[in-house]
Amino acid sequence: MFGVGATIGTGIFIVLTEAVPEAGPAVILSFVLAGITAALTAVCYAELASTIPVSGSSYSYTYATLGEITAFGVAACLLLEYGVSSAAVAVGWAQYLNELFSSVFGFRLPDAIVAAPGEGGIFNFPAIVLVTLCCLLLVRGTRESATANTIMVLIKIAVLIFFVIIAFTAFDGANFTPFAPFGIAGIGVAASSIFFTFIGLDAVSTAGEEVHNPRRTLPLAIIFATIIVTTVYVLVAVAAVGAQRYQEFEGQAAGLAVILRNITGSDWAPAVLSAGAIISIFSVTLVTLYGQTRILFAMSRDGMLPEIFHRLNPTTLVPVRNTLIVATFVGILAGFVPLTVLIDLTSMGTLVAFTVVSIGVIILRRTQPDLPRGFRVPFYPVTPVLSAAFALYIISQLPYSTFGLFAVWLGVAAVIYFSYSRGHSRLANTGRAE
């Protein structure tokens, strides 16, 4: 449920209107390409999660396989991935909140408070509200957050099935012609913008120390989440493109709700979908915020960051100060940074982390072949090699501006590592003790 909760929502409710104009009806293949890449990476995650069942996900796996410096770089990617992803989905939440108000109450929030600078607004107030609500739930405890997430996941799947059923009543095969107006390049570009939604796979592995029997539970959770997510994505994409010409998706805020309004000619269907999207995107933000706090927790415990990030509340056993810091950072991003920039940056962070995990499986097999593994990657070493290759291909389709921003982020991470982390890390302290 954490994996599905962190994944389904962003790709369908928000990114579809960004991806369809890039690939046309062939966006279906973009989802398939992203799904195949995610599936290959999922089994790599499953092996490492069953071998190293601790908090920190890719960061902890990299620390164990490639060492401290590389692990810090991966952690920087993960912090970018989770923090920016949380902000991106919070921005999309504001779109559906506005659509719900329009359908039910007949008014819309002023543009000035529902969009970032550069998108016609001053700041995104609903996005900041969403991050605040998720923060308040997370500080109450993991069990409460997980229960709330499970309920929201069931609601979001029901709402998407509702959309598919209505959309198929207006299905028109002519909408799939031409199928790939922008060729193979368009399919790759759309896959790169979609991919950040598969962050849910990594989110599952951040809970390594808070689940029962992690060596068995984590691999099953990761694999089942991947199957469910990819199936739902492709099904909704087929229904959406079948119900509306691909040219109409561009610039369409709250796109799925608009499609239902056009089909039914009434406000009740888009109101139901918008309400479901609001709940759905809440669960995505909840899980991605959770994931980021656990990565910071693991880094702090290793001495890479100040100890404030791994201090636990004695009653709830939750890193409260850590959570408050993360929520503040994400709230600022959500309120003031445009959606498109957030999406591409998150995809970059996700894909780099996935690539390193795939390589980590190969390295750990060679360096520690006798280590107990609750799950083994099938068709080794072909599977991890293909996983890394697919991820690198999708990375190559991201815009050059994203590479520039990513380089700046890694530069900031390098400054932090060499000015603080290198001298305070567990590895450095061990060396001094010896």
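Predicted model: local features only at pLDDT ≥ 70, side-chain atom pairs only at ≥ 80, totals over all residues.
Trainee: How many helices and strands does the protein chain have?
Mentor: Helices (H or I, at least four residues) and strands (E, at least two) are DSSP runs, numbered from the N terminus. On that basis the protein chain has zero strands, and its helices number 18.

Trainee: What share of the residues of the protein chain count as buried?
Mentor: Buried means under 20% relative accessible area, exposed means over 50%, and partly exposed lies in between (1.4 Å probe, protein chains only). The protein chain has 434 residues, and the buried share is 58%.

Trainee: Among contacts between residues at least 6 apart in sequence, what share join residues at least 24 apart?
Mentor: Contact means heavy atoms within 4.5 Å. Of the contacts in the protein chain between residues at least 6 apart, the share joining residues at least 24 apart is 82%.

Trainee: Are H4 and H16 parallel or oblique to each other?
Mentor: Axes are lines fitted to C-alpha atoms, for helices over the stretch in contact, and angles run from 0 to 180 degrees between N-to-C directions. Angles under 35 degrees count as roughly parallel, over 145 as roughly antiparallel, 65 to 115 as roughly perpendicular and the rest as oblique. Helix H4 (residues 27-51) packs against helix H16 (residues 382-396) at about 140 degrees, with their axes 9 Å apart. That angle makes the pair oblique.

Trainee: Which classes of residue make up the contact of H4 with H16?
Mentor: On the H4 side, Leu33, Ile36, Thr37, Leu40, Thr41, Val43 and Cys44 take part, and they meet H16 residues including Phe390, Tyr393 and Ile394. Ala, Val, Leu, Ile, Met, Phe, Trp, Tyr, Cys and Pro count as nonpolar, Asp, Glu, Lys and Arg as charged, and the others, Gly among them, as polar. The contact has no charged residues, four polar and 11 nonpolar.

Trainee: Which helix holds Arg365, the partner of Glu47 of H4?
Mentor: A salt bridge is a side-chain nitrogen of Lys or Arg within 4 Å of a carboxyl oxygen of Asp or Glu, and Glu47 and Arg365 form one at 2.9 Å, N to O. Glu47 is buried, at 1% relative accessible area, and Arg365 is buried at 14%. The two are 318 residues apart, and Arg365 lies in helix H15 (residues 339-367).

Trainee: How many salt bridges does a search of the whole structure find?
Mentor: Besides the pair of Glu47 and Arg365, Arg261 bridges to Asp267 at 3.1 Å, and Glu307 bridges to Arg311 at 2.8 Å. Arg261 is partly exposed at 22%, as is Asp267 at 35%. Glu307 is partly exposed at 46%, and Arg311 is partly exposed at 39%. The number of salt bridges found is three.

Trainee: Which residues of H12 make the contact with H6?
Mentor: Helix H6 (residues 68-104) packs against helix H12 (residues 255-264) at about 30 degrees, with their axes 9 Å apart. That makes H6 roughly parallel to H12. Tyr96, Glu99 and Ser103 of H6 meet, in H12, Gly255, Leu256, Ala257 and Arg261.

Trainee: Where is Gln244, and is it buried or exposed?
Mentor: Gln244 sits in the loop between helix H11 (214-243) and H12. Leaving aside neighbours within four places in sequence, Gln244 is in contact with Asn175, Phe249, Gln252, Ile259 and Asn262. At a relative accessible area of 3%, Gln244 is buried.

Trainee: What is the phi of Phe379?
Mentor: Most residues other than glycine have a negative phi, and most peptide bonds are trans. Phe379 lies in the loop between H15 and H16 and is exposed at 71% relative accessibility. Though not a glycine, Phe379 has a positive phi of about 55 degrees.

Terms used. Residues numbered from 1 in each chain as written. Heavy atoms only, no water.
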